[in-house]
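Hi,

Here is the structure I said I would pass on. Have a look at it first, and then read my notes below.

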Number of protein chains: 2
Amino acid sequence: MARIVMKFGGTSMAGIERIRAVAARVKHEWEAGNEIAVVVSAMAGETDRLVNFCREASSLYDAREYDVVVSSGEQVTSGLLAIALQAIGVPARSWLGWQLPIRTSDGHGSARIAEIDTNGLAAALVAREVAVIPGFQGVAAGERVATLGRGGSDTSAVAMAAAMKADRCDIYTDVDGVYTTDPRIVPRARKLSRVTYEEMLELASVGAKVLQTRSVGLAMKEGVRVQVLSSFTEATDDPEPGTLIVGEEEIEDMERQLITGIAHDKGEAKITLTEVPDHPGAVASIFGPLAEANINVDMIVQNIAHSAGSTDVTFTVPQADMPRALEALENNREAIGFGGMVHDTRVSKISVVGVGMRSHAGVASKMFKTLGDRGINIQAITTSEIKVSVLIEEDYTELAVRVLHTAYGLDAEDAA
Amino acid sequence: MARIVMKFGGTSMAGIERIRAVAARVKHEWEAGNEIAVVVSAMAGETDRLVNFCREASSLYDAREYDVVVSSGEQVTSGLLAIALQAIGVPARSWLGWQLPIRTSDGHGSARIAEIDTNGLAAALVAREVAVIPGFQGVAAGERVATLGRGGSDTSAVAMAAAMKADRCDIYTDVDGVYTTDPRIVPRARKLSRVTYEEMLELASVGAKVLQTRSVGLAMKEGVRVQVLSSFTEATDDPEPGTLIVGEEEIEDMERQLITGIAHDKGEAKITLTEVPDHPGAVASIFGPLAEANINVDMIVQNIAHSAGSTDVTFTVPQADMPRALEALENNREAIGFGGMVHDTRVSKISVVGVGMRSHAGVASKMFKTLGDRGINIQAITTSEIKVSVLIEEDYTELAVRVLHTAYGLDAEDAA
């Protein structure tokens with residue numbers, strides 16, 4: 001007997017037929033004697049529909065009312081899954097965010113879970129009743145409905161698993177696990193049986209969108225064992241294994257690789273300021289206005305000073321924020337004192353990720369050499385303890401991912 | 001300054017453009033200095049969509065989970081109207097059923113409002129904030145979501161008006177008031193400026209579906225002044241008057257008519273049992289099984305006993321309940337001891353309604369004579385203190401309504 005949180009995304013909940021399939025899968029775990037809480041997303045497309053209603057009603061909508069509107073999608077699917085479970089003989093009830101309650105911060109629209117009261121739930125689980133919990137929602141101060149931001153149902157599931165001290169948190173999604181890289185680019189990509197929280201965080205933050213980044217951070221903090229599985233294989237006693245996301249101590253030395261995966265991200269834009277005065281404080285005068293505009297700057301390269309006492313500064317921002325970034329910089333042109341400003345959205349960030357690189361030198365130099373051998377120019381570099389990222393011309397994205405996947409020995413042996 | 005409840009139905013809330021029009025209308029009352037609570041329905045069609053999801057998920061759905069699902073429609077529109085009001089400078093917030101709370105009975109799916117706590121609301125109203133309240137919903141024992149049954153938003157509005165001691169309850173709908181009869185049948189039908197609760201109850205129960213019957217009964221019990229208005233005329237300082245539904249004491253003698261309106265109802269079915277034994281208890285043996293099956297029997301006619309000691313019994317039930325009624329009777333054929341059973345759905349119930357008939361004899365005889373003069377056969381009769389109803393062949397419905405409308409002097413003088 002185990003205590004399990006099962007989470008199903010919007011594609012898995014899209015329509016009654018699929019909800020019935022989810023119910024069958026839940027029943028399978030329930031019949032094995034497990035205590036089960038199910039966290040559900042809204043039907044695919046429903047949250048977009050509701051968000052659009054709010055935007056149509058007012059471009060500057062009240063986030064508290066937005067939360068009332070958009071949280072309804074998960075309310076619907078939680079009630080429907082409870083009905084579908086009962087219909088196949090599994091006792092079940094829905095627990096809305098305010099009913100448990102799931103207490104959140106006051107950041108309406110992207111609130112954080114503060115505390116989950118599982119007292120009411122515990123009795124139901126012991127009585128063999130399945131608890132169906134709408135993801136993405138909670139209740140903030142003043143008993144106002146709150147939502148956690150897009151993709152928040154992953155975070156709901158991990159937070160529920162932590163609060164319930166669940167043995168594991170199974171995230172059912174439309175992919176069957178985490179791969180060494182995007183299989184659409186590299187058919188020889190391998191599904192990882194295990195990956196550490198840190199690696200998953202780096203992979204998620206650079207574009208391998210299997211789980212919401214926040215949910216992985218929370219799982220790491222709370223030590224929740226997360227499993228990513230496909231919801232589109234049949235429920236059997238011997239299911240196709242997914243990918244387990246765990247602490248580093250759980251990864252056996254034998255299965256540990258130097259590099260775990262290669263990620264790419266075409267969502268960044270490069271901005272270069274030319275003829276920036278080369279004196280202390282100049283860099284602060286650039287990034288201060290961007291921080292104030294709440295724009296995340298990622299890679300930063302400062303060229304060696306020109307003879308004339310000025311330098312060039314290059315950095316990247318999310319493409320969606322580029323117009324606002326350009327505006328913020330232009331508004332501060334005098335204070336910064338730059339000569340020119342150029343930008344480029346045809347760039348791509350390629351990252352190699354792996355906890356193994358902590359104890360091995362040469363990962364970065366191998367990356368630079370591999371790319372250089374293929375004539376791929378590196379425009380910027382950034383590193384963390386378990387990641388090396390480079391910015392390259394966007395057209396070379398697929399080539400770069402493929403050659404790196406091979407160079408680090410990640411290609412599957414038996415695949416096509 | 002007045003305290004007003006404004007209620008808008010599903011057609012008025014169907015889409016953002018219409019919600020914006022509702023917001024403009026609310027603003028108009030708010031700018032006049034009134035304290036306002038708005039009760040809203042779900043967007044037209046939305047409740048049907050949600051009900052169908054539940055039915056698809058299971059033919060025997062749990063009413064508590066059904067309530068979780070279907071109450072979401074009003075949650076969406078209440079949040080959107082709050083946003084639309086804020087967008088035009090009117091402070092507003094939504095108050096969900098569990099937030100006020102609106103306490104209900106445990107009859108999930110068709111719960112009754114037990115108590116509304118307006119303490120939180122009162123402070124907001126005094127602070128000139130408009131309260132937007134989803135109709136149709138409340139919270140039952142165990143803090144479970146409950147709904148009031150189809151059309152329940154009218155009842156929500158009247159109950160809110162009673163709890164808030166509102167000066168009036170304005171029901172905005174897709175008709176502009178209550179008419180002497182259906183204007184599609186009689187173009188010379190007149191809009192009534194006032195009608196009593198009792199008359200409205202009789203008109204609603206015989207097919208003039210402007211308001212949910214329960215809401216009228218509640219308004220009568222609580223003395224809530226209800227006004228029916230069109231939501232599709234422009235909001236102005238001098239609005240088109242609707243119909244005021246009030247106590248009898250508020251109707252001036254001068255405007256009092258003998259008959260207030262003519263209603264028709266094609267939703268009944270006639271069942272006749274032949275050769276029923278003519279002895280005490282025979283009738284009870286017929287209607288006992290129907291009561292057990294929760295089927296409302298309306299008109300009953302027992303023929304004079306045949307010479308052989310048996311009789312025929314004719315009665316009507318709602319057409320939707322007819323198959324179940326026939327089944328219940330067939331299952332009890334031996335206990336009842338009837339010879340044959342015939343049924344007919346091609347019948348129509350025509351009613352003349354008016355508090356004036358209390359003090360005037362001859363209303364019924366005038367009705368019978370008027371119909372008889374046109375060769376319309378009367379199959380059954382039922383009366384109340386302020387209503388006379390007859391059952392006729394369905395094909396004569398429109399003719400009967402027209403000749404009665406003229407006979408009782410209800411035709412407008414200036415209409416086409």
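Let me start with two phenylalanines: Phe287(A) and Phe315(A) are both buried, where buried means under 20% relative accessible area, exposed over 50% and partly exposed in between, using a 1.4 Å probe and protein chains only.

Before I go on, some housekeeping. This is a predicted model, so local features need pLDDT of at least 70 and side-chain atom pairs count only at pLDDT 80 or more, while totals for chains, interfaces and linings use all residues. Residues are numbered from 1 along each chain as its sequence is written, chains are lettered from A and ligands numbered from 1 in the order in which they are written, and side-chain values use heavy atoms, with hydrogens and water left out.

**Aromatic pairs**

Over all chains there are 7 aromatic pairs. To count, rings of Phe, Tyr or Trp (its six-membered ring) must have centres within 6.5 Å; planes under 30 degrees apart are called stacked, over 60 edge-to-face, and the rest tilted. One of the pairs is Phe287(A) with Phe315(A): the ring centres are 5.1 Å apart and the planes meet at 75 degrees, so this pair is edge-to-face. Phe287(A) sits in helix α9 (residues 282-292) of chain A and Phe315(A) in strand β16 (residues 310-318) of chain A, so the pair ties together parts that are 28 residues apart in sequence. Helices and strands here are DSSP runs numbered from the N terminus (H or I of at least four residues for helices, E of at least two for strands).

In chain B, Tyr61(B) and Tyr66(B) form a stacked pair, with 5.0 Å from centre to centre and 5 degrees between the planes. Tyr61(B) is partly exposed at 26% relative accessibility, whereas Tyr66(B), at 8%, is buried.

Which way do α3(A) and α4(B) run relative to each other? Helix α3 (residues 63-70) of chain A and helix α4 (residues 72-87) of chain B pack at about 155 degrees, with their axes 7 Å apart. That makes α3(A) roughly antiparallel to α4(B). The axes are lines fitted to C-alpha atoms, for helices over the stretch in contact, and angles run from 0 to 180 degrees between N-to-C directions. Under 35 degrees counts as roughly parallel, over 145 as roughly antiparallel, 65 to 115 as roughly perpendicular, and the rest as oblique.

The α3(A) side of the contact consists of Glu65(A), Tyr66(A), Val68(A) and Val69(A), and the residues from α4(B) include Val76(B), Leu80(B) and Ile83(B). Contact means heavy atoms within 4.5 Å. By class, this contact has 7 nonpolar, 4 polar and 1 charged residues. For those classes, Ala, Val, Leu, Ile, Met, Phe, Trp, Tyr, Cys and Pro are nonpolar, Asp, Glu, Lys and Arg are charged, and the others, Gly among them, are polar.

Within chain A, helix α6 (residues 152-163) and helix α8 (residues 213-222) pack at about 15 degrees, with axes 8 Å apart. α6(A) and α8(A) are therefore roughly parallel. Among the residues making this contact are Val158(A) and Ala162(A) of α6(A), and Leu218(A) and Glu222(A) of α8(A). The contact has 5 nonpolar, 2 polar and 3 charged residues.

**Some buried residues**

Tyr172(A) belongs to strand β9 (residues 168-173) of chain A and is buried at 5% relative accessibility.

Thr47(A) is in helix α2 (residues 46-57) of chain A and is buried, at 11%. Not counting residues up to four places away in sequence, Thr47(A) touches Ala42(A), Glu74(A), Phe136(A) and Arg150(A).

The peptide bond from Leu100(A) to Pro101(A) is cis, with omega near -10 degrees. Pro101(A) lies in the loop between β3 (92-94) and β4 (102-104) of chain A. In chain B, the bond from Leu100(B) to Pro101(B) is cis, with omega near -10 degrees.

Glu275(A) is not a glycine, yet has a positive phi of about 55 degrees. Glu275(A) lies in strand β14 (residues 268-277) of chain A and is partly exposed, at 47%. Glu275(B) also has a positive phi of about 55 degrees, and is partly exposed at 48%.

Cheers
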